[in-house]
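Please consult the sequence and the structure shown below alongside the notes.

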Amino acid sequence: MDPEEFQRLLDIDVEDVASIPSDNESYASDFDANGEELDENFQHNNDLKPIPSILITFHVYLCAKGLHHSSVKMKTLKILVFVLNSISLLSKVYGSDPAIEEEEARARAFLKILNEKTWTRNNKGTIAAWNYASNITDYNLKEQIRVSAEIAKEVKEDWKELTKFNYNTFIDYDLRRQFKKYSILGKAALPDDKYVKLEKIVSDMESAYATAKICSYHNKTDCSLSLEPEITKILTSSRDPEELKHVWVEWRKKTKTVKPLFIDYVKYSNEAARLNNFTSNTEYWLYDYESPTFVDEIEKLWRQLKPLYLQLHAYVRHKLRQRYGEVVSEKGPIPAHLLGNMWAQTWGHVADFTLPYPKVKGPNYSNLLAKQEYTPIKMFQEAERFFVSLNLTEMPPLFWKNSILEKPKDGRDLVCHASAWDFYDQKDFRIKQCTDVTFEDFITAHHEMGHIQYYLQYKSQPVAYREGANDGFHEAVGDVMALSVATSKHLKKIGLIDSEPANKDQNDINELYQMGLDKIAFLPFAYLMDLWRWQVFDGKITPEEYNCKWWDYRYNIQGIEPPVDRSELDFDPASKYHIVADVPYLRYFISYVIQFQFHRAACEIAGEYDPNDLTKPLHKCDIYQNTKAGNAIGKMLQMGSSRPWREAMEALTGQQNMDASGLLEYFRPLYKWLETENQKNNVYIGWKICEKKCTKVPLQ
Ligand SMILES: *[C@@H]1O[C@H](CO)[C@@H](O)[C@H](O)[C@H]1NC(C)=O
Ligand SMILES: *[C@@H]1O[C@H](CO)[C@@H](O)[C@H](O)[C@H]1NC(C)=O
Ligand SMILES: *[C@@H]1O[C@H](CO)[C@@H](O)[C@H](O)[C@H]1NC(C)=O
Ligand SMILES: [Zn+2]
């Protein structure tokens, strides 16, 4: 089927689904982004499910327009309805066919055993993965690869059995949905040797990234600088553009070496996707969103957000120019090395010299944490207290026993990137985070614990449903908590500060600005990470143009430029963990949008936000100790992925669509301030003319 026609069919379906009354909601799951499955639904009209929706469409049509039609046309339609009704009746008879009931009974028995096997396997695989990620040795790598190859083999055996069932015809929604989830095999669809190869490629890329070290700018013989903590520290605190440029360039010299591996990774990932009946890995990555228009929905969100980003971008460039002079051009993109972050993805670390009201500088929360003798453990205990105050669940004993909450001092290499782990036995959940006592890491602790909270909330679901409603939901949970935690109202409640800051309005703008440097600046970056990879997987960006296309996106969407010219001998995407580690990134974009939607809904439930009450703006809401808000959040989390994400979203927010208006509402005072300030300073909005070049071979 050609893509356009396919798209058209999908569009029609979505409309049909929308007209189904809620007691028939289950049909929505039939309409997946996967073309192959959809084809089947169209061919097997013995699947009675789509028919009621056609009927409804006709009924609506008759009621609304019937009177204006000639009697002849009415007759035709009536006959049609009659025919459809008969089919529907026939189908119902067919539906109670003992043959189907018998198959469903067999399927239920099969599923019961499969669920048991699956959690046991996931447990084993997760342990091996943890052992490697928390202790990078050749032995642990070999073990991880051995275990996951073994698991892949078993999973494939079961999958062969599973696909013998005619699960698309199952009447039982849950049975059908779980079978569908299991029917996507992922990488394990590859032949054994290729599967092992792909695993090895990704872990080699990860290991190259995790162990990369660069030399110091000030002491050329000291070549022991790791990304965390040394390099990150330089980027967040140095204000010497030459030193910043040095670490920016050197890091990319070390990480670009994985390019040949990455090319193979793309090849094998696509091959695996095709064995799952997807056209490419892109389609596979988008499959779980269960929406054929998802990419458009995301683009629409970005368009909604862009005006806010442009104001922030213009203001920050103006401030950087005051600080660094001609290194920053007046109307061009912002040099990427000056934004306090290796990838210019969050800009919070330039706040100290770009703050809207520098004289009303609020308290330094990091210093206060240190002064009050917070430790990593204490930070996580405080985070737990927040969840528990909402009537959500406390961390189980094994969490405290097995987590790694501080960088181990025994000299081992490990993946320091913070992560949260579900071991699938309903008891063992862990966080691995090389926590420093800073406010940033305090917020990250909430983020990671949000993942654990989600795991805990859905741990009683069948194993196939133990995932977020979509992966963006998973990233959003902890951040929703952090939005409350970061308010000065809350920090006073927990005793970190004695009183709310003076100069309220100006302090407010400062705090919103600080938040915006992280949350608004991040949006275009999070968007382009996968825009680039989708094109790569789809073969629209070839290895010969990987880097320059990367910079096209960086320029066009983010409005940044590299500190020095680039060429195709560089491979800058590899400087980012999620690219070498095979982790999709769209989830973070989704999360940053929907967390404000969730925040707004929870705050409304808590009575802490009222759009008509100026004393209760969204950015000052703290849902601490509000069990009503907590229960509403819990209700959404407990669903796991048992229903399409729109229904989970509806459970908390009453809305079925993603919507950026929550974020825009939260930042509204900042937006107004930036707009006025930029006008006052006559600052150019947007960017043009990139001084830096990206070429096939390096420019001399
Ligand atoms: C790291 O892994 C090695 C096996 O390669 C093991 O001998 C060692 O005990 C592990 N270290 C820690 C701290 O777990
Ligand atoms: C430079 O680094 C080397 C290697 O770490 C160290 O031995 C030396 O003392 C350092 N020099 C200075 C001036 O810090
Ligand atoms: C939800 O999003 C879809 C796809 O973008 C759109 O067609 C639909 O009109 C939206 N629904 C609402 C209630 O906004
Ligand atoms: Zn996360």
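**Structural briefing**

R587 is placed in helix α24, which covers residues 586-606. The model is predicted, and the points below are grouped by topic.

**Annotated positions**

- An unreviewed UniProt entry lists Y289 and R587 under "binding site". The two positions are spread over 299 residues of sequence, yet they cluster in space, with a largest C-alpha distance of 10.2 Å.
- R587 counts as buried because 23 C-beta neighbours lie inside 10 Å, the cut-off being 20 or more.
- Leaving aside residues up to four places away in sequence, R587 touches D471, G472 and E475.
- Y289 belongs to the loop between α12 (281-287) and α13 (294-324). Y289 is buried, because 23 other C-beta atoms lie within 10 Å.

**Surroundings of ligand 1**

- The residues that surround ligand 1 are N135, T137, Y139, N140, D410 and R412.
- By class, the shell around ligand 1 comprises one nonpolar, three polar and two charged residues.

**Strands β2 and β3**

- Strand β2 (residues 419-422) pairs with β3 in the antiparallel sense, over four bridges. Within this pairing, W421 has R430 of β3 as its bridge partner.
- Six residues lie between the strands in the hairpin of β2 and β3, where Y424 adopts a positive phi near 65°.
- Strand β3 (residues 429-432) is covered on both faces. F429 and I431 are buried on one side, and R430 and K432 are buried on the other.

Technical notes:
Residues numbered from 1 in each chain as written. Chains lettered and ligands numbered in written order. Predicted model: local features only at pLDDT ≥ 70, side-chain atom pairs only at ≥ 80, totals over all residues. Near = placed C-beta within 6 Å. Nonpolar A, V, L, I, M, F, W, Y, C, P; charged D, E, K, R; others polar. Buried ≥ 20, exposed ≤ 12 C-beta atoms within 10 Å, placed from the backbone. Helix = DSSP H or I, 4+ residues; strand = E, 2+ residues; numbered from the N terminus. Pairing = 2+ DSSP bridges. UniProt positions renumbered as here; feature names shortened; annotations may be inferred. Contact = placed C-beta atoms within 7 Å.
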